[in-house]
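Work through the exercises below with the structure open beside you. Try each task before you read its solution.

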Amino acid sequence: AQQQIEALRAIEQSQIVDTVSDVMGEMLKYGDTPSGDMILVKEIIIKYIRVIIDYDTDKRDGTIIGLEKEIDYEYPISDGRKVNIMGKADRIDIMSDGSMRIIDYKSGKTSHLEFNGIHELFHGKNEHRVSNVFQTLFYSMILHRIEQCESTPSLYFASKMFAYDYSPLLKNGKNIVERYSDYANDYEGELTAMLDELFNYDTRFVQTSDEDAC
C-alpha cells in the first residue's frame, strides 16, 4: 500500500499538469480557447490533486481498490419486498486490518463533516439534513452489507486538507465516526422506515409544507 502511494507522490508536477490539461482539453469544443475561468479551475485542480496525494502518503495506510465504482444492493423493506439502491463511490480503500474506507471527494470551501444524530439526517430541518454525511453513510451501509466487513465513511474536502490537523472522519456531535457498524441499527432503521413509506401504495404523495425544501 505504501509503495502504491509513494509512487503517486513521485509523479512529477509536469505529469499532473499534462494529465489535467488533456482531460480539460477533451471538455472543450474543437478550436475553442480556454477561458480565464478554465485556466483558474485547472490550477485549483492541480493543487487539490497534489494535497490529496501528500495527505494519503502521510497516513501510510490503505490500498485503493475502487475509483468511481458503482455499487448496488437489493435492500429489504418491512413487507418483504426488496428495493434496488445504488450509488457511485468516488473511492474505496482496503485497510491493513481488512476494513474498508469509503471516500467521497468534495471541492466546497466549507467542510460539512458534522451532523446531529441519525434521526436529524432523515427528519431534521434543512441545515441538519447534511447530504454529504447521508451519502457517505449510505455507501458505507451498502458495502458493509455486501462485503460483510467494517466500513468507515470519510469525506475529503480538498480545500481544507492543507491543515495539519485535518481529519476526513465524520463527527456526530462530539463523537468521531470510526465504524459504520456503530450507527448501522439507527441508520438502517430510519432508511427502512423511509422506504416503507415511499413504497406504501396506500400513502398518497403530497407536496411538502416546507417551501424552502420544495
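**Exercise 1. Salt bridges**

Task: Find which residues are linked with Asp56 in a network of salt bridges.

Solution. 
Step 1. Asp56, Arg91, Asp93 and Arg101 are linked in a network of salt bridges. A salt bridge is a side-chain nitrogen of Lys or Arg within 4 Å of a carboxyl oxygen of Asp or Glu. Side chains of opposite charge can pair when their charged atoms come close.

Step 2. Know your model. It is predicted: local features need pLDDT of at least 70, side-chain atom pairs count only at pLDDT 80 or more, and totals for chains, interfaces and linings use all residues. Residues are numbered from 1 along each chain as its sequence is written, and side-chain values use heavy atoms, with hydrogens and water left out.

Step 3. Aspartate 93 and arginine 101 meet in a salt bridge, at 2.7 Å from N to O. Both residues are buried. Buried means under 20% relative accessible area, exposed means over 50%, and partly exposed lies in between (1.4 Å probe, protein chains only).

Step 4. Look at other pairs. Aspartate 104 and lysine 106 form a salt bridge at 2.9 Å, N to O. Aspartate 104 and lysine 106 are buried too. Aspartate 182 meets arginine 179 at 3.0 Å, N to O. Aspartate 182 counts as partly exposed because its relative accessibility is 46%. Arginine 179 is also partly exposed, at 39%.

Step 5. The whole structure holds seven salt bridges.

**Exercise 2. The overall plan**

Task: State how many helices and strands the protein has, and in what pattern.

Solution. 
Step 1. Count the elements. There are six helices and seven strands. Helices (H or I, at least four residues) and strands (E, at least two) are DSSP runs, numbered from the N terminus.

Step 2. Read along the sequence. The pattern is α-α-α-β-β-β-β-α-α-β-β-β-α.

Step 3. Of the 214 residues, 36% are buried.

Step 4. Contact means heavy atoms within 4.5 Å. Among contacts between residues at least 6 apart in sequence, 65% join residues at least 24 apart.

**Exercise 3. Helices α3 and α6**

Task: Compare the span of each helix with its expected span.

Solution. 
Step 1. Get the rule. The expected span is 1.5 Å times one less than the number of residues.

Step 2. Apply the rule to α3. This helix has 24 residues and reaches 35 Å from its first C-alpha to its last, close to the expected 34 Å.

Step 3. Apply the rule to α6 (residues 184-198). Its 15 residues should span 21 Å, and the end C-alpha atoms are 21 Å apart, so the two agree.

Step 4. Check what α6 packs against. Its buried residues include Tyr187, Leu191 and Leu195. The buried residues of α6 pack against β1 (63-76), α4 (118-123) and α5 (131-147).

Step 5. Return to α3. Its buried residues include Ile46, Val51 and Ile53. Valine 41 also lies in α3 (residues 36-59). Valine 41 is partly exposed because its relative accessible area is 38%.

**Exercise 4. Strand pairing**

Task: Find which strands run parallel and which run antiparallel.

Solution. 
Step 1. Strands of a sheet pair through backbone hydrogen bonds, either parallel or antiparallel. Here, two strands pair if DSSP finds at least two bridges between them.

Step 2. Take the open sheet. Its three strands have the order β4-β6-β7, with mixed pairing. The edge strands β4 (114-115) and β7 (175-176) each pair on one side only.

Step 3. Look at β4 and β6 (residues 171-172). Two bridges join them, and they run parallel. Glutamate 114 stands opposite lysine 171 in β6.

Step 4. Look at β1 and β2 (residues 82-94). They are joined by 12 bridges and run antiparallel. Tyrosine 75 stands opposite valine 83 in β2.

Step 5. Inspect the turn. β1 and β2 form a hairpin with five residues between them. Glycine 80 in that turn has a positive phi of about 95°.

**Exercise 5. A loop residue**

Task: Find what serine 159 touches.

Solution. 
Step 1. Locate serine 159. It is in the loop between β5 (151-157) and β6.

Step 2. List its contacts. Leaving out residues up to four places away in sequence, serine 159 touches Tyr48, Gly108 and Lys109.

Step 3. Compare sequence with space. Serine 159 and lysine 109 are 50 residues apart in sequence and 6.1 Å apart in space, C-alpha to C-alpha.
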